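Let's take a friendly walk through the pockets of this protein and the ligand that goes with them. Have the model open beside you as you read.

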Amino acid sequence: SDSHFPVPIFPSQFDYSLHYPQFFPLPDRSDGSKKIEFADIGCGFGGLLISLSTLFPNTLMIGMELRDKVTEYVKERILALRASNPGQYENVSVVRTNSMKYIPNYFEKGQLTKMFFLFPDPHFKEKNHRRRVISPHLLDEYAYVLRVGGIIYTITDVEELGVWMKSCLDGHPLFEAISQEVLEADPVVKLLSTATEEGQKVARNGGQTFQAVYRRIASSFSH
Ligand code: SAM
């Protein structure tokens, strides 16, 4: 059951000093000027966040994970990294939550610059497609919390899911595919298949991967 974890009623209720004590040393010192910018949805064991943490040391980032034990593991992993590398990994944290229900409780409109969906659960059967973390309806929410110019990164080893995620993104008016050239210059793209535990497993088994990386664009109705 996912009914036993606390959820902020709105984003400003989220306690930044608890998650990023080095950035917000005293309670209530979060003046709202620095906010989480990257969200790793279904972060699993946190490999991507750990890599991103040192690549973007001044950007606050969070993993959202449904499984309690996995979330606890990631918490411990971050605390251990902070302890053995003073001053580092202070910008990364994790929260146990159901991302399909609570994204707008955590992030304001246009707050995020990057969202990650790495190797999400495939939910093969047609009747279970509504459980997929990328869907036309959920893309509306992701478009809401992403800033114009922000990027959504997805990757999977399940071809059918890769085709699905791509077609949802292609069909959404607020997302646009990023050109191959731009993708090649983005250091984050290389991490998609290498940084997470699931990605490493797929690579060890020689599996193929399917990625879709899209930019949040402005609505053509807004001007
Ligand atoms: N992204 C990680 C990786 O690449 O190693 C984990 C991939 S794993 C196959 C999918 C993860 O998504 C699981 O850890 C699962 O618990 C999590 N998950 C599934 N549904 C979720 C939801 N609604 N909210 C948050 N996490 C979810």
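The second largest pocket holds about 480 Å³ of space. A pocket here is an open set of points on a 1 Å grid over the protein atoms alone, with protein on both sides within 12 Å along at least five of seven lines, and its lining residues have an atom within 4 Å of a point. Points are joined across faces, edges and corners, and the volume is the space filled by probe spheres set on them. Before going on, please note that this is a predicted model, in which local features need pLDDT of at least 70, side-chain atom pairs count only at pLDDT 80 or more, and totals for chains, interfaces and linings use all residues. Residues are numbered from 1 along each chain as its sequence is written, and side-chain values use heavy atoms, with hydrogens and water left out.

Lining the second largest pocket are 23 residues, with Leu18, His19, Lys75, Val94 and Val95 nearest its centre. Helix 1 (16-19), helix 3 (68-84) and strand 3 (92-96) each give two or more residues to this lining; helices (H or I, at least four residues) and strands (E, at least two) are DSSP runs, numbered from the N terminus. Helix 3 has the largest share, seven residues.

Now for the largest pocket, with about 820 Å³ of space. Of its 30 lining residues, Gly42, Glu65, Phe119, Pro120 and Asp121 are the closest to its centre. At least two lining residues come from each of strand 1 (36-41), strand 2, helix 4, strand 4 (112-118) and helix 9, and helix 9 supplies the largest share, three residues.

Where does the ligand sit? The ligand is in the largest pocket, a label that requires more than half of its atoms to lie within 2 Å of the grid points. Around the ligand are 17 residues, the closest being Glu65, Arg67, Asn98, Leu118 and Thr196; to count, a residue needs a heavy atom within 4 Å.

| Residue | Ligand atom | Distance |
|---|---|---|
| Arg67 | oxygen | 2.8 Å |
| Asn98 | nitrogen | 2.8 Å |
| Thr196 | oxygen | 2.8 Å |

Taken alone, the ligand exposes 600 Å², and the protein buries 89% of that (Shrake-Rupley method, 1.4 Å probe). Strand 2 (60-65), helix 4 (99-106) and helix 9 (197-204) each give two or more residues to the shell around the ligand.

Methods
A polar contact is a pair of N or O atoms within 3.5 Å; within protein, one must be able to donate a hydrogen and the other to accept it, and residues adjacent in sequence count only if both atoms are side-chain atoms. On a 1 Å grid over the protein atoms alone, a cavity is a set of points where a 1.4 Å probe fits but cannot get out, and a pocket is an open set with protein on both sides within 12 Å along at least five of seven lines; lining residues have an atom within 4 Å of a point.
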